[in-house]
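Subject: Structure for you to look at

Hello,

Here is the structure I promised to pass on. Please open it first, then read my notes below.

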Amino acid sequence: MSGKSKNHLVYSPSYQSDLSVLGSSVSFAQDRGSRVLDQLAKEVGGNTPLSYHKPRLVTLKQVKLAHCPCYVDSLKKPATWASTFGLTDVLPDNDNTRAILTKLLNEYRLKCGGTLLAARLALQHKLAANLGAGYHHAHRSSGDGFCMLNDIAIAIKTLQAEKKVERVMVVDTDFHHGNGTASIFKGDSSVFTLDVYARDAWPFKKEPCSLAVPITARDAGAYLDKLKAALDKALAKFKPDLVIYVQGADTWEHSVLNRGEGFTLPLSVVQAKDELLIDTFVARDIPLALVFAGGYGDRAWEGHYLGVKHLLYRADVLTER
Ligand SMILES: [Zn+2]
């Protein structure tokens, strides 16, 4: 079993970026990928680690398919990082800071490479997951909300440039609105963005997407019904060659960043959400690549785990749910 997972999983130990070097105190759970792999080994692998593909850094040429060259150049500057991370302490503009930023940028490029590789594996083997990334807040000319590069857009634009795909659907169920992805693909009829997000949460300026499903605290109980209706509506309008599923664990009640900004979901609904989504595209024989996106705190990995496990089950890597 462990070898069969390689066609469907992408990860690297270098995904565990240390954002504290920037002075950021956000509880972004960087260990989610390794903890998902550990649990899979324990629960279904007979304590044998599951095999996975390691990605390569996306090239700057690939990055510039989704981001403007002047923004990419500005990533060498501490001020660009300070504003994206909302840092109150000014980063000193010296060799030490530049070395830290180069390392962090390479880690972002690696995770973007992971999404691109997961998308390639999905095209080949129908289902794949990048156990990280999902930087849906990065715009074409600016970073936002801890997202310096938009891996989703880079992967889509790269595969379109290579003529591997024409039409791509992004289904984003992260708690937060995917403003960067929406703005990058605004007016692009080849990419359909379906976004299910907390209406009252940051980012407060929402970008128009192909199909927006804003959720309030009051309608959290109807979350699955709203998602199903939205998937049916999206697929009636648009037939994709590939789906990028921006999973997000931060809808789960034990993985929230800011309490009181909207709704939370119990794990049973998070699990049903992942299963509904994966099953919808498997039933239509449409390749799907999952990426993590948000997840906060010590238990964040649990909000990703059941979805990844279901993906492996539907990919025939696991024989039991
Ligand atoms: Zn989020």
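A term first: donors are N, O and S atoms within 2.8 Å of the metal, and water is not among the atoms, so sites may look incomplete. Please also keep in mind that this is a predicted model.

**The zinc site**

Which residues coordinate the zinc ion? They are Asp174 (OD), His176 (ND1) and Asp250 (OD), at 2.0 to 2.2 Å. Along the sequence, the donor residues follow the spacing D-x1-H-x73-D. His176 sits in the loop between strand E3 (168–172) and helix H7 (179–184), and Asp250 sits in the loop between strand E6 (242–246) and helix H9 (267–283), so this pair ties together parts that are 74 residues apart in sequence.

His176 has 5% relative accessibility, so it counts as buried. Asp250 has 1%, so Asp250 counts as buried too.

**Salt bridges**

How many salt bridges does a search of the whole structure find? The number is 16. Here are some of them.

- Lys186 and Glu207: their side chains meet at 3.3 Å, N to O. Lys186 is in the loop between H7 and strand E4 (191–198), and Glu207 is in the loop between E4 and strand E5 (211–215), so the pair ties together parts that are 21 residues apart in sequence. Lys186 is partly exposed, at 48% relative accessibility. Glu207 is buried, at 11%.
- Arg199 and Asp200: the closest N and O atoms of this salt bridge are 2.8 Å apart. Arg199 counts as partly exposed because its relative accessibility is 46%. Asp200 is partly exposed as well, with a relative accessible area of 37%.
- Glu302 and Arg299: here the closest N and O atoms are 2.8 Å apart. Glu302 is buried, with a relative accessible area of 18%. Arg299 is partly exposed, at 37%.
- Asp31, Arg35 and Asp298: salt bridges link these residues in a network.

**Backbone points**

Most residues other than glycine have a negative phi, and most peptide bonds are trans. Now for the places to check.

Which peptide bond is cis, with omega near -5 degrees? That is the bond from Trp202 to Pro203. Pro203 belongs to the loop between E4 and E5. Glu207, from the salt bridge with Lys186, is also in the loop between E4 and E5.

Lys126 is not a glycine, yet it has a positive phi of about 80 degrees. Lys126 lies in the loop between helix H5 (95–125) and strand E2 (127–130). Its relative accessible area is 35%, so Lys126 is partly exposed.

Ala293 is not a glycine either, and its phi is positive, at about 60 degrees. Look for Ala293 in the loop between strand E7 (288–291) and helix H10 (302–314). Ala293 is buried, with a relative accessible area of 4%.

**Where to start**

Begin with the zinc ion and the residues Asp174, His176 and Asp250. Then go to the salt bridge of Lys186 and Glu207. From there, find the cis bond from Trp202 to Pro203. Finish with the positive phi of Lys126 and that of Ala293.

Best wishes

Note on methods. Residues numbered from 1 in each chain as written. Predicted model: local features only at pLDDT ≥ 70, side-chain atom pairs only at ≥ 80, totals over all residues. Heavy atoms only, no water. Donors = N, O, S within 2.8 Å, 3.2 Å for Na, K, Ca; no water. Helix = DSSP H or I, 4+ residues; strand = E, 2+ residues; numbered from the N terminus. Buried < 20%, exposed > 50% of the residue type's maximum accessible area, 1.4 Å probe, protein only. Salt bridge = Lys/Arg side-chain N within 4 Å of Asp/Glu carboxyl O.
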